[in-house]
Structure formats: structure tokens, C-alpha cells
Amino acid sequence: MRFGIVSDVHSNMEALEAALKWLDNEKVDEIVCLGDVVGYGPNPNECCELVRENASVTLLGNHDAAVIGAMSTEYYYDAARVAIQWTRRQLSPENLEWLFQLPYTHRRESAGVSFFHSAPICPSGYFYVVFKDDAQAHLRMYEKLTKVSLLGHSHLVRAFRLSDGKAKEVQPTAVQFEEGAKFIASIGSTGQPRDRDPRGAVATLDGDTGELVIHRFDYDRQKTAAKIAEAGLEARFGERLMTGS
Ligand SMILES: [Fe+2]
């Protein structure tokens with residue numbers, strides 16, 4: 001079993017199409033989307049539809065939750081809040097309804113893997129796992145963790161190995177099924193990377209070995225930025241796609 005993983009698409013259709021094309025060549029068995037399908041970008045309906053067609057599991061991200069009214073928009077700065085309200089107006093009733101029934105987490109116990117938008121600790125609290133201490137906090141629930149936990153939300157690529165009561169940051173290539181250790185990894189963002197690398201991120205996970213591959217891909221980000229401007233959304237949302245910030 002091989003999983004393909006996309007996350008934080010944020011209504012960026014060009015990036016999502018490029019990610020799905022790569023996954024198609026990788027011959028994955030199943031695609032999981034870690035949430036934030038919408039928000040920031042110009043193609044919310046198209047992205048919902050592509051995810052619905054391709055992913056067997058999709059999680060509820062915080063932007064998705066805000067769009068459907070399951071989370072207060074006060075949490076967001078002005079431009080992001082405007083984009084959330086704009087997205088709500090754009091979405092078809094079917095896509096809104098689909099977002100409304102998405103879960104926060106998905107555990108695949110038999111495969112030793114679980115999926116989250118934010119973090120195993122309080123998934124609905126949208127906690128960030130960016131630093132070692134964030135991963136360290138998960139030692140309190142070590143027994144409940146599957147061998148590998150995959151996350152989105154931070155838009156950063158990060159991996160941590162938990163063993164012997166300690167968390168350690170490791171390269172994503174170190175993630176694997178290992179006796180006496182558990183891994184928490186965030187796969188980065190498909191449609192709005194923030195690690196100073198403007199390429200989108202997409203991942204595969206081998207369900208036999210636990211090996212994680214994070215692939216970065218180029219796509220027509222100028223086209224996405226032009227559509228953001230055309231839609232009257234904050235120009236900075238397009239500019240940040242050029243720099244990965
Ligand atoms: Fe996000």
C-alpha cells in the first residue's frame with residue numbers, strides 16, 4: 001500500500017493539478033488530503049471537486065472550518081478573513097456540504113499511520129508542530145500515537161523522531177517504521193509553501209516500510225497569482241507564491 005498525500009491546497013488549482021499528476025506517475029493506491037483545501041486562492045470550487053474526485057480521505061483544516069462557520073474568523077488577520085468570506089460566497093452548496101462533514105483526523109491503525117491537519121494533540125485546536133518542543137509535547141500521548149503521524153497546517157516540511165522520552169528533529173527521509181520509535185512529520189503545503197521554497201509539496205508514504213518521500217514541484221504560479229488579482233483577493237497572496245513565504 002502506498003499513500004499519496006497533499007495538504008494545504010488553499011484553492012490553488014495549478015499546484016493541485018501538478019501534485020496529482022506527479023502522484024499519478026507514482027502509482028499510489030490512495031490519496032489523502034490533510035485539509036485546508038480552500039482559503040487564500042482563487043479556485044475553491046475547482047479544488048474541492050478535484051480533491052473529492054481523487055482523495056479517499058480529506059481532513060478539515062482551519063480555513064475549511066472557518067469557511068463553513070465551524071470556527072470563528074476572528075482568529076484570522078483581515079486579508080485572510082476577507083478571503084474566507086469571499087470563499088464562502090463562491091462555494092457551491094454541494095462543496096459547502098462536503099466540507100461540513102470532513103473529520104479532523106484519520107487513523108489507519110492497521111497501516112501504522114494516522115493523518116491530521118494540525119497535530120495529534122487536540123486536533124480541533126489547530127496546534128502547530130514546528131519546533132522540537134511542539135513534538136516533545138506529544139510524548140504525553142506517546143502510547144496513543146501510531147508509528148507515523150502525518151500533518152499539514154504549518155506549511156513547512158518538518159520531521160521529528162520520538163523515542164526514549166525525547167523528541168529529536170530529523171530529516172523527513174529518516175521517517176520509517178522503527179521498533180521503539182515514533183515519527184511525527186509535516187509534509188509542507190501543496191498550494192502555499194512558506195519555507196522560502198516556492199515549489200509546491202506533495203508526499204508519498206510506503207505503508208510497508210513507513211518511508212516518507214516529500215517531492216517539491218514547479219507549477220505555473222504566475223497564472224495562480226494573476227487569478228488571485230483578477231478575483232480581487234489580496235495581491236500579497238499571489239506575491240507570496242513567488243517566494244514561498
Ligand atoms: Fe493552511
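On the surface, E46, E49, E53, E94 and E97 gather in a patch of negative charge, where a patch joins like charges within 9 Å among residues with over 30% relative accessible area and no salt bridge. This is a predicted model, in which local features need pLDDT of at least 70 and side-chain atom pairs count only at pLDDT 80 or more, while totals for chains, interfaces and linings use all residues. Residues are numbered from 1 along each chain as its sequence is written, and side-chain values use heavy atoms, with hydrogens and water left out.

**The negative patch**
- The helices α2 (44–54) and α5 (93–100) each supply at least two residues of the patch, a helix being a DSSP run of H or I with at least four residues.
- Helix α2 gives the most, with three residues, and E94 lies in helix α5.

**The six-stranded sheet**
- This open sheet has the order β4-β5-β6-β9-β7-β8 with mixed pairing; a strand is a DSSP run of E with at least two residues, and two strands pair if DSSP finds at least two bridges between them.
- The edge strands, β4 (105–108) and β8 (166–170), each pair on one side only, and the twist averages 15° from one strand to the next.
- Strands β4 and β5 (residues 113–116) pair in the antiparallel sense over four bridges, and H106 stands opposite F115 in β5.

**The five-stranded sheet**
- A further open sheet runs in the order β3-β2-β1-β10-β11, again with mixed pairing, and its edge strands β3 (57–58) and β11 (212–217) each pair on one side only.
- Strands β1 (residues 2–6) and β2 (residues 30–33) pair in the parallel sense over four bridges, with I5 opposite V32 in β2.

Definitions and conventions: Axes are lines fitted to C-alpha atoms, for helices over the stretch in contact, and angles run from 0 to 180 degrees between N-to-C directions. Patches are made of residues with over 30% relative accessible area and no salt bridge: like charges are joined within 9 Å, nonpolar side chains (Val, Leu, Ile, Met, Phe, Trp, Tyr) within 5 Å. Accessible areas come from the Shrake-Rupley method with a 1.4 Å probe; for residues, only the protein chains shown count as cover. A salt bridge is a side-chain nitrogen of Lys or Arg within 4 Å of a carboxyl oxygen of Asp or Glu. Lys and Arg count as positive and Asp and Glu as negative; His and the chain ends are not counted. The place of a charge is taken as NZ of Lys, CZ of Arg, CG of Asp or CD of Glu.
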